[in-house]
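Good morning, colleagues. Please bring up the sequence and the structure, and I shall take you through the packing of the helices, the sheet and a few local features.

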Amino acid sequence: MKVSVKVPATSANIGPGFDCLGLALPIYNTITIEETVLPGTGVEINLMSENDIIDEMIFDNVPKDENSIIYKAVEMLYNSIGQEPSELKINIQSQIPITRGLGSSASVVVGGLIAANKLLGSPADETALLSIATEVEGHPDNVAPAILGGFVMASQEDDGSIICEKLNWPEEWDITVCIPDFELSTNIARSVLPENVPLQDAVFNAKHLAMLIQAVNNKDEKLMKMALHDKLHQPYREKLVPGMKEIMDAFKHEDGVIGCVLSGAGPSLLVISHKYDLDKIKSVVKDIWEGQSIKTDIRTLKIEPEGAKIIE
Ligand code: HSE
């Protein structure tokens with residue numbers, strides 16, 4: 001038996017929503033798990049990139065054995081019903097750029113779990129899958145929108161349970177994803193964050209997250225522009241992303257550009273706009289990054305509304 005799952009890319013945080021907000025984007029990885037008939041063949045993992053040569057090189061360094069994140073997720077699911085994974089062939093067909101803050105690892109975790117769950121006769125419900133995926137990833141803000149699609153608020157509570165709600169994203173707000181040609185691992189991007197933050201910074205983010213929720217509910221661009229500020233992660237990560245500050249500053253006072261935020265842990269950036277010249281966004285970002293010898297892939301995308309889907 002063979003199951004294929006198509007899983008969208010995701011962008012986490014959206015400014016003040018560090019580790020709790022994320023949205024799904026229409027760039028996909030397809031994860032196929034096949035039960036092989038030969039006993040003792042173990043688990044085989046193959047990756048195929050549909051991206052450029054740089055990704056091919058990164059792919060060579062991604063674990064394809066028991067140390068891989070997809071194997072860990074699948075193993076946790078099997079173990080939860082008292083089984084061990086074996087005789088499985090896992091193929092990952094990837095369109096989501098790796099280590100760019102677009103949820104590529106979340107997508108393989110989610111795809112692996114949904115496919116393995118189907119092979120096992122669906123013992124786990126969506127909440128259980130979300131919980132395993134969060135445990136593997138460490139935070140729910142990519143895995144939740146990867147599973148559910150759309151714009152999602154997700155929280156892992158102190159007892160481990162996951163609270164997850166879909167929010168409305170105003171359809172008329174454009175999302176331009178700016179992907180640079182350099183990688184930044186989430187581990188490195190998290191290592192620069194402080195263990196503790198000043199109380200006023202925590203309050204700053206709480207206020208801005210509250211504004212953001214109200215702004216998307218009311219499609220209030222002016223409020224959203226105020227809301228898209230963060231003091232918990234972006235200021236610390238700025239030094240890891242050349243050009244980030246210049247790009248953010250360039251859009252600060254542009255009418256029609258609602259905001260520019262780091263996508264997940266970076267280095268990609270999201271520019272949110274309404275009725276604004278999308279070519280202008282591209283040329284501003286391109287000029288700044290190319291001025292620093294950074295090549296770019298810039299795409300304006302609609303939110304992916306549905307999330308992961310079994311396709312065969
Ligand atoms: N919320 C996480 C972070 C997303 O910013 O580290 C990582 O993909």
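Predicted model: local features only at pLDDT ≥ 70, side-chain atom pairs only at ≥ 80, totals over all residues.

Let us begin with the contact of α2 with α4. On the α2 side, the residues are Ile69, Ala73, Met76 and Leu77, and they meet Leu129, Ile132, Glu135, Val136 and Glu137 in α4. By class, the residues of this contact divide into seven nonpolar, no polar and two charged.

Two packed helices are described by the angle between their axes and by the distance between the axes. Helix α2 covers residues 69-80 and helix α4 covers residues 126-137; they pack at an angle of about 140°, with their axes 10 Å apart. Angles over 145 degrees would count as roughly antiparallel; α2 and α4 are therefore oblique to each other. The crossing of α2 and α4 is right-handed.

I turn next to the sheet. In what order do the strands of the open sheet run? The order is β8-β9-β7-β10, four strands in an open sheet with antiparallel pairing. Its edge strands are β8, residues 257-262, and β10, residues 296-301, each of which pairs on one side only. From one strand to the next, the twist averages 15°.

Let us look at one pairing within that sheet. Strand β7, residues 174-180, and strand β9, residues 269-273, pair in the antiparallel sense over five bridges. If you wish to locate this pairing on the screen, please find Thr176, whose bridge partner in β9 is Val271.

Two helices lie across strands of the sheet. Helix α10, residues 244-251, lies across β8 and β9 and runs at about 165° to β8. Helix α11, residues 278-290, lies across β7, β9 and β10, and runs at about 160° to β10.

How do α10 and α11 stand to each other, roughly parallel or roughly antiparallel? Their axes come within 9 Å and cross at roughly 150°. That angle makes α10 roughly antiparallel to α11.

I now come to the aromatic residues. A search of the whole structure finds two aromatic pairs. One of them is formed by Phe151 and Trp169, and its arrangement is edge-to-face, at 5.1 Å centre to centre with 85° between the planes. Phe151 lies in strand β5, residues 151-156, while Trp169 lies in the loop between β6, residues 162-167, and β7, so the pair ties together parts that are 18 residues apart in sequence.

Finally, two points concern the backbone. Which residues does a cis peptide bond join? They are Gly266 and Pro267, with omega at about 10°. Pro267 is found in the loop between β8 and β9, two strands that are also neighbours in the order of the open sheet. The other point is Ile14, where phi is near 50°, a positive value in a residue other than glycine. Ile14 lies in the loop between β1, residues 2-12, and β2, residues 21-35.

Methods:
Residues numbered from 1 in each chain as written. Heavy atoms only, no water. Axes fitted to C-alpha atoms, helices over the stretch in contact; angles between N-to-C directions. Parallel < 35°, antiparallel > 145°, perpendicular 65-115°, else oblique. Left-handed = near helix turned anticlockwise from the far one by under 90°. Contact = heavy atoms within 4.5 Å. Nonpolar A, V, L, I, M, F, W, Y, C, P; charged D, E, K, R; others polar. Pairing = 2+ DSSP bridges. Phe/Tyr/Trp six-rings, centres within 6.5 Å; stacked < 30°, edge-to-face > 60°.
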